[in-house]
Amino acid sequence: MRLKVKDELFDEPSCEHNIKKKEKKGCKTASPGSSSGGCAFDGAYIVLNPIKDALHIVHGPINCLGDSYNQRTSESSGKDVYFKFGLATAMNENDLVFGSENKLKDGVIFAVNKFKPKGVFIYNTCVPALTGEDIEGVAKELTSMLGIPVVPVISQGFSGSKNLGNKIAGDALFNHVIGKKEPDIDILSDYNINLIGEYNIKGELLYIKKALSDNGINVLSTITGNSRMEEIMYSHKAGLNVVICSKALVYLARKMKEKYGLPFIEESFFGLSATNTSLMHIAENFHDDKLINRVKKYITARTKNTQNELEVYRRFLSGKKVLLYTGGVKSWSLLSALNDLGMHVVATGVKKSTEEDKDRIKEFDKNGNVIMLDNGNPVNLIKTIKEENIDILLAGGRNQYTALKSLIPFLDVNQERLFPYTSYEGIVNLGKLIYFELKSPLFDFLKSNFLKKAS
Amino acid sequence: MKPSNLKPLGLKPLEINPLKASPHLGAALFYLGIKNAVVLMHGSQGCASFDKVTLTKHFRENIPIMTTALDESGAILGGSEFLKSGVKNIIEKIKPEFIGITSTGLTEVNGEDIGSSIKELKQEVGQFPGVNLGYVSAPDYAGVMEDGYKNAMLSLIKDLAEKMRKNLIVLKDKNRGTNLKVNVFCPFSFTSMDFLELREVFEYFGIFPVMIPDLGTSLDGHLDKNGYLQTTSGGVEFNDIESIFFNDCNIVIGCSLFGLVEPLKNLTGLKTYYFSNISGLKNTDAFFDFLSKLTFAPVPEKYKRQRNQLMDAYLDSHFYFLGKNIAMALGIDLLDEFSAVFNEIDCGLKIGITTKTDQNIKKNIKNMFEIFDEGDIDLLDELTFDTGGIDLLISNSNAKYYAEKLGIPLFKAGFPIIDELGHNFKHFILYKGSANLAYEAGNKLINGV
């Protein structure tokens, strides 16, 4: 049994909390009595769940899975897709008294017989972690018994936040999945990359893949949007890891670099300029003039087309004020996308951002005076919106009703977003949605008719 | 795999697409029906986050659930300091009138003495007038959402009864007039619209209902003149809950709350009436007869008309139910409610799946179904493996896959419903709600999707 997560997972050189405290304890963002994000289990499940031909079995009482499964908006194609199924051992009082390692074993065997998956992930949660169940032992035994990888994910919620859980998931992939298989020679092209941290929310992966394949760049594996076990097993054979908008999974890329010599870059596909830069960076990493020239031409053509499509939205959105409140990396990657739309980002949330993220924010801040919001509680958000005369709040689902109840226009830019926002097609989607949300007379109509009379 | 190779139903070693949710989710829902309230979950941050996310998606409302955010040291050495500072932070920052605290699996299993922490907290909170605490033990590994809801209800009434015994509750509203005032306890399976319509029935009879909790005025989705609030923006006033002892009687509705009847009678000393459900013609008749006798008043014209409308709805829709079979995977209250209506239309109730419940409660409902079992939604897969023969599935959003696989329409009901708008505006009880149910289910059968 291992109650503590590895110290290595807290080793985040670019995190300001580490620099200041001189001790590698990572970030504890939640304080008692606050409303917080998810726990380590939540974070691990989010990262691994899109692997579609694996089963994801949660070992613990019902709440960890039962209160919230089947809600992510990752999309996938193909037939043997298992992430529509929420599986849990749903420990009861008997299991506490007599132990439930055998129940877990029986459960995995039952589910593997029923679904015939290509792999199984077992998630540890708070209660079995405290009662000291050895899920690593169970996983090891089952791997040799069932002949498929059974991966223990040591993700009890009390270890830390969602972000830590992301890393724990990366660690599980690195230790138990990556490097376990070699790819067929005919699926490799001249330029093979992995996309890390892309979960195919609303089908975003399709847009990214299109831009890449138009240039002859082959996505060998995606970690983990719309992915299969096999592609992750041979992902070490790619020529480049591209980490997309994820600080947490840089950990995985770094480990892969150490072991397989696989270089990595951190990129974003939100917005026109970011997509262009990312494509260019990927091409440059292959040191191939033919590819670089092809990408240059491609970028010129797509940029022109996209700008034409955006023209009508840009004209309207130009100078409109935005408050962007979203997690770490997106605080600058979306900022860049909003710049493409000509919008003025007055404030951006930096609660989960690293020092490096903050530097990037400054880099993209056109006016040089963006407010970095450290305190994202709803009351503070509303205050900033009113004081700065902000036109629209772009944030995640948990702030949707903060905005709506105060009659403030809103767009979800986190995982509950309604359309894909990545790549060339995505920025047009984003521009269009913000355009219609801001153009809508509904908010003013309600303000003048409701608030007056209701008071 | 043939079903014969499977273990006996209900004995599966794991849940596949669970129907049940945890007790602290139910407890949180209870507290959310109290005005100016905040829920505090004592556990790791995920416990609160999962519940908050699901409730937010289901109700499309702000859900004020906070966490004590236990970390490794708290989990292993005990988290009473986390709990205390959580409560203090909430009082300082949000100033709610009520804080509903629940435990979680984590804080139950690490052997922490939450009871005495709560006792100390209550004394400390005494310094903040106008803040009240409620606490319920809600370990994830024992019971289901219905249990958490019921236990939170009972534990609050117990606390107040104790306060009453010590003469600490005084009746504030002395000019009560001659109107009857009744305490109404409803299950969380009622939609917000159900709560609001039921309230109106009481009001038509000239009765003032104290609904505990009131998920109608708190979660119906309304714009508050103050804009965004950090607490619940509606619900039953804490003062009204405190003064239930001075009211005329208790009315308990919903079979999952059957266990409350005796304790409520003893704790409040009031006459306590119980209705398993108030759906379908017969059951709604019984309910209106009861109100009529209670108030010595005739049934209002409005409801007499709705009664006639319901009978017409049965006639219009019954063709589409002829020879049809329904499968339901729902909480026990909705199974009970819905089967009352479908029985009257005479539609085949082939499969009923529900979560773990009291054998006594189960008895009545069990007989209505051809096959009845406790379990997960995936039981449908096993039960329909070679029989098929189901024309309509009624369950929550998580059953989507099974309806697609069987090629039959899914009528969404229960919890959670995250992929449909306005579920809280639906209404399935009393005369009008039963007619709605017959029409909506009938439409699903007409359209086949």
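What percentage of the contacts in chain B with a separation of 6 or more is accounted for by residues 24 or more positions apart? Such residues account for 72% of those contacts, two residues being in contact if their C-beta atoms, placed from the backbone, lie within 7 Å. The model is a predicted one, in which local features need pLDDT of at least 70 and side-chain atom pairs count only at pLDDT 80 or more, while totals for chains, interfaces and linings use all residues. Residues are numbered from 1 along each chain as its sequence is written, and chains are lettered from A and ligands numbered from 1 in the order in which they are written.

**Chain B as a whole**

Chain B contains 18 helices and 14 strands; helices (H or I, at least four residues) and strands (E, at least two) are DSSP runs numbered from the N terminus. Its radius of gyration is 22 Å, close to the 22 Å that the globule rule gives for 449 residues, so chain B is as compact as a globular protein of that length. The radius is taken over C-alpha atoms, and the rule is 2.2 Å times the number of residues to the power 0.38. The C-alpha trace of chain B spans about 65 × 60 × 40 Å along its principal axes. Of its 449 residues, 57% count as buried, that is, with 20 or more other C-beta atoms within 10 Å of their own, C-beta atoms being placed from the backbone.

**Domains**

Six residues of domain 1 of chain B are in contact with nine residues of domain 3 of chain B. On the domain 1 side, H2(B) provides the largest share, four residues.

**Sheets in chain A**

An open sheet of four strands in chain A has the order S6-S5-S7-S8 with parallel pairing; two strands pair if DSSP finds at least two bridges between them. Strand S6 (217-224) and strand S8 (264-267) of chain A are the edge strands, each pairing on one side only. From one strand to the next, the twist averages 25°, with axes as lines fitted to C-alpha atoms and angles running from 0 to 180 degrees between N-to-C directions. Within this sheet, strand S5 (residues 191-198) and strand S7 (residues 240-244) of chain A run parallel and are joined by four bridges. Ile196(A) has Val243(A) in S7(A) as its bridge partner.

Elsewhere in chain A, strand S3 (residues 119-124) pairs with S4(A) in the parallel sense over four bridges, and Phe121(A) stands opposite Val151(A) in S4(A). Strand S4 (residues 150-153) of chain A is covered on both faces: Val150(A) and Pro152(A) on one side and Val151(A) and Val153(A) on the other are all buried. In a regular strand the side chains alternate between the two faces of the sheet.

**Contact between the chains**

The contact takes 64 residues from chain A and 60 residues from chain B. H2(B) supplies the largest share of the chain B side, 12 residues. Strand S2 (residues 87-88) of chain A pairs with S1(B) in the antiparallel sense over two bridges, and Leu87(A) has Ile16(B) as its bridge partner in S1(B).

Key:
A residue is buried if 20 or more other C-beta atoms lie within 10 Å of its own, exposed if 12 or fewer, and partly exposed in between; C-beta atoms are placed from the backbone.
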